[in-house]
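Trainee: I would like to take a close look at one part of this model with you. Could you walk me through it slowly?

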Amino acid sequence: MIGVLLLFLLFLLYIAAPQIRQMLSSGVCTSTTQLPGKVAVVTGANSGIGKETAKELAQRGARVYIACRDVQKGELVAKEIQTMTGNQEVLVRKLDLADTKSIRTFAKDFLAEEKHLHILINNAGVMMCPYSKTADGFEMHIGVNHLGHFLLTHLLLEKLKESAPSRIVNVSSLAHHLGRIHFHDLQGQKFYSAGLAYCHSKLANILFTRELARRLKGSGVTAYSLHPGTVNSELVRHSSFMRCLWRLFFFFIKTPQQGAQTSLYCALTEGLENLSGNHFSDCHVTWVSAQARNETIARRLWDVSCDLLGIPMD
């Protein structure tokens, strides 16, 4: 009898799943902004949230660069978006955020190819990887999620300034609340937890955004960070535990399209300039942890990041 009731409850949840997801995924980008003549770069746009973000930008007429490690997969996605939107200006370029040489090559080629850049969406990321290092010896989470996007943004910043008004959107996570910036062990060599390493890197995204916004004040370039929600994507591929949780609670999980809404809100919404540096969730400004609001940590992280990447401090 209990088994029958359990099956019945699961059946009800399955039937109600779309309505539950819709109810839990409040926050829709309602901007009507069109983007003809605008240029956008979306990292990790060959799947998940990035793909849906790129698709919507293309739908609005932008010239969209899908910057991803898997070019073959990216080409398939680009063709899909071209067919769906009728916009043929969807381009794929190789970008491996775990290799600074790849980042520099991408930036060099992009700057030679394009006169403008209006929207940079730092979307790509890794989550709960076993301990590993990037090509430059950085711990994978901090290396890809923070340092890779830090370098990419630095290399494209002058083009963003020349194209102002322009925007930088950094995809972070609610997980930043569990994050800490351990300057004495930034690479996790003394202590490593895959889950916490992800949280630390997401905190770094917010600190980077806040310091970037401070430095860009008056330039016409604005920066925003965001939590996309819990989204059904390939991000959990490294954790069998997380994949099981995702399957068990699938009715609470956002679709990639729903997860892309706050990225689009930050990239497109009119009059958002005075909120540069803020963190968003469900298309609204939201609270961040005390660590994420610490300006001293943000400035120190900026300097340490520059040092690690060989970038001039100022």
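Are Tyr-224 and Phe-280 buried or exposed?

Mentor: Happy to! Keep in mind that this is a predicted model. Both Tyr-224 and Phe-280 are buried. A residue counts as buried when its relative accessible area is under 20%.

The structure holds eight aromatic pairs. In one of them, the ring centres of Phe-150 and Phe-208 are 5.0 Å apart and the ring planes make an angle of 40°, so this pair is tilted. Phe-150 belongs to helix 5 (residues 140-162) and Phe-208 to helix 6 (residues 194-215), so the pair ties together parts that are 58 residues apart in sequence. Phe-150 and Phe-208 are both buried.

Now back to your two residues. Tyr-224 and Phe-280 form an aromatic pair too, and this one is edge-to-face, with 6.0 Å from centre to centre and 70° between the planes. The label follows from the angle, because planes over 60 degrees apart count as edge-to-face. This pair also links distant parts of the chain: Tyr-224 sits in strand 6 (residues 221-227) and Phe-280 in strand 7 (residues 279-281), 56 residues apart.

Tyr-65, Phe-106 and Phe-110 form one aromatic cluster.

Let us step back to the whole chain for a moment. The protein chain has ten helices and eight strands. Of its 314 residues, 54% count as buried, and your Tyr-224 and Phe-280 are both buried as well. Among contacts with a separation of 6 or more, 77% are between residues 24 or more positions apart. The accessible surface of the chain is about 14,900 Å², and carbon and sulfur atoms account for 58% of that area.

Charged side chains make links too, and the structure holds 15 salt bridges. In one of them, the side chains of Arg-63 and Glu-89 meet at 2.1 Å, N to O. Arg-63 is in strand 2 (residues 63-68), while Glu-89 is in the loop between helix 3 (71-85) and strand 3 (90-94), so this pair ties together parts that are 26 residues apart in sequence. Arg-63 counts as partly exposed, at 21% relative accessibility, and Glu-89 counts as partly exposed at 34%.

Other salt bridges lie within a single helix. Arg-214 and Glu-211 meet at 2.6 Å, N to O. These two residues are both in helix 6, three residues apart, which is about one turn of the helix. Arg-214 is partly exposed, with a relative accessible area of 40%, whereas Glu-211 is buried, at 2%. Some salt bridges also share partners: Arg-63, Glu-89, Arg-93, Glu-113 and Glu-114 are joined into one network this way.

To come back to where you started: Tyr-224 and Phe-280 are both buried, and their pair links strand 6 with strand 7.

Note on methods:
Residues are numbered from 1 along each chain as its sequence is written. This is a predicted model: local features need pLDDT of at least 70, side-chain atom pairs count only at pLDDT 80 or more; totals for chains, interfaces and linings use all residues. Side-chain values use heavy atoms; hydrogens and water are left out. Rings of Phe, Tyr and Trp (its six-membered ring) pair if their centres lie within 6.5 Å; planes under 30 degrees apart count as stacked, over 60 as edge-to-face and the rest as tilted. Helices (H or I, at least four residues) and strands (E, at least two) are DSSP runs, numbered from the N terminus. Buried means under 20% relative accessible area, exposed over 50%, partly exposed in between (1.4 Å probe, protein chains only). Contact means heavy atoms within 4.5 Å. Accessible areas come from the Shrake-Rupley method with a 1.4 Å probe; for residues, only the protein chains shown count as cover. A salt bridge is a side-chain nitrogen of Lys or Arg within 4 Å of a carboxyl oxygen of Asp or Glu.
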